[in-house]
Amino acid sequence: MTTDLRSAASVLRSARHVCVLTGAGISAESGIPTFRDALTGLWSRFKPEELATLEAFERNPQFVWEWYESRRAKVLQTQPNPGHYALAELAGRVPEFTLVTQNVDGLHQRAGSPGVLEYHGNILRDRCMVEQVVAGRAPEAAGRLPRCAGCGGLLRPDVVWFGEAIPAEPMRAADRAANDCDVFLSIGTSSLVYPAAGLAETALRHGATVIEVNPNATDLSPLADVTLRGPAGVLLPQLLEAML
Ligand code: BJW
């Protein structure tokens, strides 16, 4: 066992409130590509920043919907991995636990994590562009864009695109946790996208110990108290084991 793993386990053993922020890396071992991996196939000519915006959707909703439908189908074929399950178990081992995820895949919930704060929404839900509420789909005509079962308005995925506000409740609860926690775990995120990346900075300012789990260095790495280099699906179960 590395000394970093030992010191992270010791910090977690005496923690009062653990706040976790996860990103695409925790789902990589479930087979979901991370956001800043090169997009594959049809999508390889585009950057996520060019597809995950309201402007892109308004310009070409058919094209953006096809991207989301292909990702949604992939999510439905995947299963949580040992990293997701380790976090679900960690929740029961510390006095207070908050899990904030930037992921839109719902895998933490499927692994049994309680009270997950979905910072960037959920790809499995649709939202009506007219009523601005989560909505069901009207029966679809082949090749037509998904429409709201209630009002017939155009639907969009219930996710947060660049330039859009984070939903109020997860944003407030995540801020509160980042301010209050004494241990902050940043797992599988490039720490590039704000305001999510700012949560670790808030926790640091309030004196929390910051632990990063990522095979690669990020902008957060020089600020983190402990860095665990490797895949979350391997390291998180080892971390739980080391806490015993
Ligand atoms: C592994 C691994 C393994 C691999 N184990 N690890 C400064 C301050 C505030 C805002 C801004 C700012 N500068 C710019 C902004 C604006 C912008 C922003 O941050 N842009 C940056 C690109 C610079 N932010 C926004 O626009 C946000 N909104 C906003 O600011 O609103 C202001 C506002 C206020 C009031 C009213 C109106 C507006 C919204 C951001 C929304 C982000 N949305 C997306 C798409 C979601 C939908 C979808 O899925 O299609 O969210 S973008 C994309 O990035 C997605 C992710 O959640 C997010 C973060 O990516 P993540 O998870 O970190 O993934 P990757 O791929 O980057 O990294 C993966 C990591 O895993 C890597 O480090 C690997 O090494 C690692 N890894 N295998 C562990 N096995």
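This is a predicted model: local features need pLDDT of at least 70, side-chain atom pairs count only at pLDDT 80 or more; totals for chains, interfaces and linings use all residues.
Mentor: Residues are numbered from 1 along each chain as its sequence is written, and side-chain values use heavy atoms, with hydrogens and water left out.

Trainee: How many helices and strands are there in the protein?

Mentor: Ten helices and eight strands are present; helices are DSSP runs of H or I with at least four residues, strands are runs of E with at least two, and both are numbered from the N terminus.

Trainee: Why is the protein called as compact as a globular protein of its length?

Mentor: The globule rule is 2.2 Å times the number of residues to the power 0.38, and the radius of gyration is taken over C-alpha atoms. For 244 residues the rule gives 18 Å; the radius of gyration is 19 Å, close to that value, so the protein is as compact as a globular protein of that length.

Trainee: What makes strand 3 and strand 8 edge strands?

Mentor: Two strands pair if DSSP finds at least two bridges between them. Six strands form an open parallel sheet in the order 3-2-1-6-7-8, and strand 3 (117-118) and strand 8 (226-228) each pair on one side only.

Trainee: How many bridges join strand 1 to strand 2?

Mentor: Six bridges join strand 1 (residues 17-22) to strand 2 (residues 96-101); leucine 21, for instance, has valine 100 in strand 2 as its bridge partner.
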